[in-house]
Each structure stands twice: as C-alpha cells, then as structure tokens.
Amino acid sequence: MAQKKRIFSGIQPSGDLHLGNWLGAIKNWVSLQDEYECVYCVVDYHAITIPYEADDLRRRTINAVIDLLACGVDPDKSKLFVQSHVPQHTELAWVLACYTSLGDLERMTQFKDKASQHSQHVNAGLFTYPILQAADIAIYRADAVPVGEDQLQHLELAREIVRRFNGRMGGGREILPEAQAIVRAGARVMGLDGDAKMSKSKNNYIGIMEEKDAIWKKLAPAKTDEKRLRKTDPGNPEDCNIWSLHKLFADSEETLDWVRTGCTGASIGCVDCKRRLLENIDAEIAPIRERRKEFAGDMPRVTKILADSAAWCRDEAEITMREVRQALGVR
Ligand code: TYM
C-alpha cells in the first residue's frame with residue numbers, strides 16, 4: 001500500500017477555542033485523520049511573542065490539548081503534542097531565519113495587526129514568528145497543512161523559505177518539501193460584529209466550549225442585515241453574517257430554505273432565525289463539551305498522549321535535522 005501523505009498543523013493556546021478555529025481548522029484536522037498521517041501541535045513558543053503570565057500559559061496550553069482531544073483529534077490515529085517539547089522546531093527556525101528576507105517578514109499582515117495591538121511590546125520574536133511556523137511544518141517534512149484563510153500568507157512564505165534553503169544548500173535536492181495548504185468551507189468565519197474575522201483578540205467570538213445560554217447571550221445581539229430594521233422588512237441573506245453561519249451549521253437543505261424564504265419574504269424575524277442557528281450550533285458542539293469533561297477528568301491519560309507523541313516527534317524531527325546540519329556544513 002502506498003504510504004499516506006503527511007499533514008502538519010498547529011494552533012496557539014490562546015484560551016478559548018472558537019467557532020472560527022473549529023470550522024476553519026479543527027473540524028478538518030479531525031476529518032483528515034484517516035486519509036493522512038497527521039501531526040497536530042499546540043504552539044506554545046509562538047504564544048510567548050505577546051505579553052503573558054507563565055502560569056496562565058501553562059494552563060492555556062494544557063486546556064488547548066484537552067479541547068483538541070474533545071474535538072475528536074484521535075491519539076490512536078494522530079500525533080498531538082506541545083511545540084516546546086520538541087526542541088528541533090526552534091533549532092530549525094534559527095537555520096531558516098538565515099534564508100528569510102526582512103522584506104518578506106515586513107509584509108506579513110498578522111505581524112502588522114499584532115504589532116499595532118501590542119505596540120509597547122513589538123519584539124523580534126513577533127517579527128520572526130512566521131519562520132518558526134515554517135520550521136514547524138518543515139521539521140516533519142509535511143506534504144500539506146490544513147488551515148483557515150488567515151494563515152495562507154504565512155504558508156506561502158514558508159514555501160518560499162524552504163525553496164530558498166533547498167536552492168542554496170540542497171545541491172539539486174529538495175531537502176525540505178514545500179507543503180501545500182488545505183483550505184475548505186469555513187476558512188474565513190466572520191465575528192459576531194460582522195466586521196472582522198472571528199478571533200479571541202477582537203472578542204467577537206463564540207467559544208466552542210460555551211453553554212447554550214452563554215451562546216445565546218452573544219448571538220441575540222449579533223449583527224444582521226442592517227436594512228432589516230423591523231420584522232416586517234424583507235432582508236437579503238447575502239448581506240447577513242448569520243446566514244453565513246447557517247450555511248456552515250445547517251442540519252438540512254430545508255433549514256436553509258426556511259431561512260432564505262423567511263428572510264427575503266419577511267415571514268420570520270432575525271430572532272427566529274438566530275434561534276434556529278443556536279439549535280444547530282449547539283447540536284454540533286454539545287457532544288464536544290461532554291467529551292471534554294471525560295478528558296479533563298483523566299489527566300494521566302492526557303499527559304501520556306503528549307509524552308508518546310512528543311517522543312515520536314523528536315525522533316522524526318531529528319531525522320530532518322541530521323540532513324539539514326549535514327547540508328549546512330555544521331556537522
Ligand atoms: P491560530 O491559533 O490563530 O488559529 C488556529 C487555526 O484556526 C484558524 N482560524 C480561523 N479559520 C476560519 N475563520 C476564523 N475566524 C479563524 N480564526 C482562526 C486558523 O487559520 C488556524 O488554522 N500561526 C498559527 C498557528 C501555527 C501553525 C503552524 C499553523 C503555528 N505553526 C504551522 C499551521 C502550521 C495561528 O496563529 O493559528
């Protein structure tokens with residue numbers, strides 16, 4: 001049988017996993033587990049590029065691991081580990097930094113956003129963040145990377161960096177492969193403000209571990225088609241962020257028809273429409289919340305999953321580093 005292709009992907013331990021993470025990335029991570037050999041990572045070293053407290057980072061990191069297990073990352077099929085447990089990531093990042101141009105880093109929109117959010121703490125780590133991301137992927141010689149749309153610029157740069165490294169040091173060989181992005185439906189989920197992508201930092205998100213009541217408190221005031229001032233005003237679903245969420249959570253075509261005709265014909269109001277969405281969101285994520293309790297109650301199991309995966313990852317990463325060091329002439 002042909003060997004499975006390998007995918008790598010990572011997530012920051014930013015506190016609350018939200019619907020954007022779920023739809024743009026994690027749901028795909030889960031569904032790709034049979035087709036690919038999967039390596040999934042909580043990127044704690046990326047998280048230290050903005051101000052934080054050590055105890056809080058430790059807590060967020062382990063919580064992110066538990067969240068991913070609850071979401072369906074299956075340790076019998078996939079590797080799931082914490083970035084700092086595999087030191088070769090940072091070793092390769094240093095090497096790749098020597099093949100990255102400052103101009104390319106300066107173009108990164110995530111850097112510009114974060115630098116303006118944390119203007120008192122713009123450090124070199126924040127600037128070189130995409131190099132560590134390139135190393136995360138290349139250290140496992142991954143073929144593909146499932147991500148949301150906001151990561152495409154970083155992935156394009158990662159390809160450029162390894163191309164440059166291979167071109168200069170590979171002697172005609174591709175030492176590090178250029179990984180392809182895998183982007184699917186839900187790759188750009190907008191926040192409840194309807195203005196920016198859903199994110200923790202914009203506080204416009206629904207957390208996937210939130211209880212139904214808490215979700216409703218956020219969904220009820222969420223922005224809809226601004227032309228629908230009263231229930232009797234007909235609306236246009238294409239101008240409504242709630243419709244884009246319906247398309248991602250609808251249980252059937254009939255639900256979509258109900259929303260479309262109800263909104264354009266003003267036979268349902270935005271509250272009715274949001275209530276139906278709430279039901280469908282909750283149907284999808286309630287089982288995740290339940291599974292989370294199981295994993296959170298069995299920390300020895302979680303710790304063992306991380307240790308086993310990290311041991312495998314260190315061996316695999318060392319294979320890459322041996323070749324890289326050889327090519328560089330440092331061994
Ligand atoms: P992070 O932690 O911001 O997000 C994790 C994943 O969730 C996706 N995502 C979204 N998708 C759709 N709509 C949204 N509103 C939304 N918000 C987040 C992201 O695209 C991502 O796939 N730099 C990365 C982490 C990382 C990484 C890597 C990813 C580090 N090394 C190597 C891939 C490969 C980040 O900050 O993701």
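Lys27 and Glu284 form a salt bridge in this predicted model, with their closest N and O atoms 3.0 Å apart; the term means a side-chain nitrogen of Lys or Arg within 4 Å of a carboxyl oxygen of Asp or Glu. Lys27 belongs to helix H1 and Glu284 to helix H12 (residues 270–296), so the pair ties together parts that are 257 residues apart in sequence. Helices here are DSSP runs of H or I with at least four residues, and strands are runs of E with at least two, numbered from the N terminus. Across the whole structure, 34 salt bridges are found.

Attention now turns to the ligand.

Several polar contacts (pairs of N or O atoms within 3.5 Å) can be picked out. A ligand nitrogen is 2.7 Å from a side-chain N or O atom of Asp136. Backbone polar atoms also take part: one of Val189 is 2.9 Å from a ligand nitrogen, and one of Met198 is 3.0 Å from a ligand nitrogen. Taken alone, the ligand exposes 710 Å², of which the protein buries 96%, by the Shrake-Rupley method with a 1.4 Å probe.

Residues are numbered from 1 along each chain as its sequence is written, and side-chain values use heavy atoms, leaving out hydrogens and water. Because the model is predicted, local features need pLDDT of at least 70 and side-chain atom pairs count only at pLDDT 80 or more, while totals for chains, interfaces and linings use all residues.

Note on methods
Polar contact = N/O pair within 3.5 Å; in protein donor to acceptor, adjacent residues only side chain to side chain.
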